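The following note was prepared for a colleague who wishes to check selected features of a model against the coordinates. Please read the points alongside the sequence and the structure.

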Amino acid sequence: MAVAVRRRAEDWGAYGPVGPEDWLEVDWPAHQRWEKIEGRWINLIDIGSGPPLLFVHGLCGCWQNWLENICHFARDHRVIALDLPGFGHSEMPVKPISIPGYARTLDLLYDALGIESAPFVGNSMGGFIGAELAISRPERVERLCLVAAACLSVEHIRTERRTGLRHRAENAAFFCVAWCATRSPRMMLRPRLRQAVLMLVAAHPDRLPGSLIAEQVGGAGTEGFQGALDALTNYSIRDRLGEIACPTLIVWGEKDRIVPVRDAAELERRIPDTRKVIYPDTGHLAMIERPTQFNAELRAFIEEEPPGI
């Protein structure tokens, strides 16, 4: 699939998509496939040819969280973007959701897809899963890109559950967006409410195309939410991050209201081979909010070329 690369200087660092929305021209059902892993069906997109590249969404997410990135890389990579078990159109897993369980599922999915190793790009909970996979099965993860990975500050949420101090401001946004998305997905279709809720995950939702925003709620209201939230808040990886041996790119939005930007510095300190990028005036979804810059920097990282413009 041929996709034009946007490399104009004025596009670099732009907020939101630049130019035509390439993903609207794709026949997505033609690239959809189902894989049965541990007795449950997983929905995924398998598009393009070349070296494999895996995209994994976060809590309340779905494969469509990567719409602005899939087309860019599918021109010369085999791109895999999936709905995690319990989200989107994937079935719930047989066993209770856990971070190691999700990593095991992806390990088995690699086998089903005939992939030995690939760069792993994960947002929020997806980054947590990627870190776990890089530690438990290092041969699977060539390079790791952590986009606002939710694997450190979630410990505070767990502590507050035990002490009854769940009202702390730094965690209020997390619970608010999760509650709105899961309790009533139709609420997300109302423009004003969608704007209010998405302000928690994006710095300027009003500057993102409505067609793109509408696709982002595919993982909301699904059965896996509560189990995934429990998995996030009851599993610690902090002391094992030093075991990640692959090159790691840390990407964060300076205005992330879900996972604080200070976590980026802590990840950089704990993971041996890292580079860090902080986008100004950007929220929790850097891959959607700054797609031109994100795609260029991710490409430079996985191909070891300077991003340039």
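The points below move from the basis of the note to the chain as a whole, and then to helices, rings and charges.

1. Basis. This is a predicted model, in which local features need pLDDT of at least 70 and side-chain atom pairs count only at pLDDT 80 or more, while totals for chains, interfaces and linings use all residues. Residues are numbered from 1 along each chain as its sequence is written, and side-chain values use heavy atoms, with hydrogens and water left out.

2. The chain as a whole. The chain holds 11 helices and 8 strands; helices (H or I, at least four residues) and strands (E, at least two) are DSSP runs, numbered from the N terminus. Of its 309 residues, 59% count as buried, where buried means under 20% relative accessible area, exposed means over 50% and partly exposed lies in between (1.4 Å probe, protein chains only). The accessible surface comes to about 12,600 Å², and carbon and sulfur atoms make up 52% of it; such areas come from the Shrake-Rupley method with a 1.4 Å probe, and for residues only the protein chains shown count as cover. Among contacts with a separation of 6 or more, 75% are between residues 24 or more positions apart, a contact being heavy atoms within 4.5 Å.

3. Helix 1. The buried residues include Leu67, Glu68, His72 and Phe73. Which elements cover them? Strand 2 (40-47), strand 3, strand 4 (78-82), helix 7 (210-215), helix 10 (286-289) and helix 11 (291-303) are included in that cover.

4. Helix 3. Helix 3 is mostly covered, with 11 of its 12 residues buried; among them are Met125, Phe128, Glu132 and Ile135. From first C-alpha to last, helix 3 reaches 16 Å, close to the 16 Å expected at 1.5 Å a residue. The expected span is 1.5 Å times one less than the number of residues.

5. A pair of aromatic rings is described by the distance of the centres and the angle of the planes. Rings of Phe, Tyr and Trp (its six-membered ring) pair if their centres lie within 6.5 Å; planes under 30 degrees apart count as stacked, over 60 as edge-to-face and the rest as tilted. By this rule there are 4 aromatic pairs. In one of them, the rings of Trp28 and Trp63 have centres 5.1 Å apart and planes at 50°, so the pair is tilted. The pair links distant parts of the chain, 35 residues apart: Trp28 is in the segment before strand 1 (32-37), and Trp63 is in the loop between strand 3 (52-56) and helix 1 (67-74). Trp28 is buried at 12% relative accessibility, as is Trp63 at 8%.

6. Phe55 belongs to strand 3 and Trp66 to the loop between strand 3 and helix 1, 11 residues apart. Both Phe55 and Trp66 are buried. Ring pairs link Phe55, Trp66 and Phe73 into a cluster.

7. A charge over a ring. Arg143 lies over the face of Phe301, at 5.2 Å from the ring centre. The criterion is NZ of Lys or CZ of Arg within 6 Å of the ring centre and within 35 degrees of the ring normal.

8. Salt bridges. A salt bridge is a side-chain nitrogen of Lys or Arg within 4 Å of a carboxyl oxygen of Asp or Glu, and by this rule the count is 18. Glu35 and Arg33 meet in one of them (2.5 Å, N to O). Is Glu35 buried or exposed? Glu35 counts as buried at 13% relative accessibility, whereas Arg33 is partly exposed at 28%.

9. A bridge between helix 2 and a loop. The side chains of Arg137 and Asp107 meet in a salt bridge (2.3 Å, N to O). Arg137 lies in the loop between helix 3 (125-136) and strand 6 (141-147), and Asp107 in helix 2 (residues 99-113), so the pair ties together parts 30 residues apart in sequence. Asp107 is buried, with a relative accessible area of 10%, and Arg137 is partly exposed at 29%.
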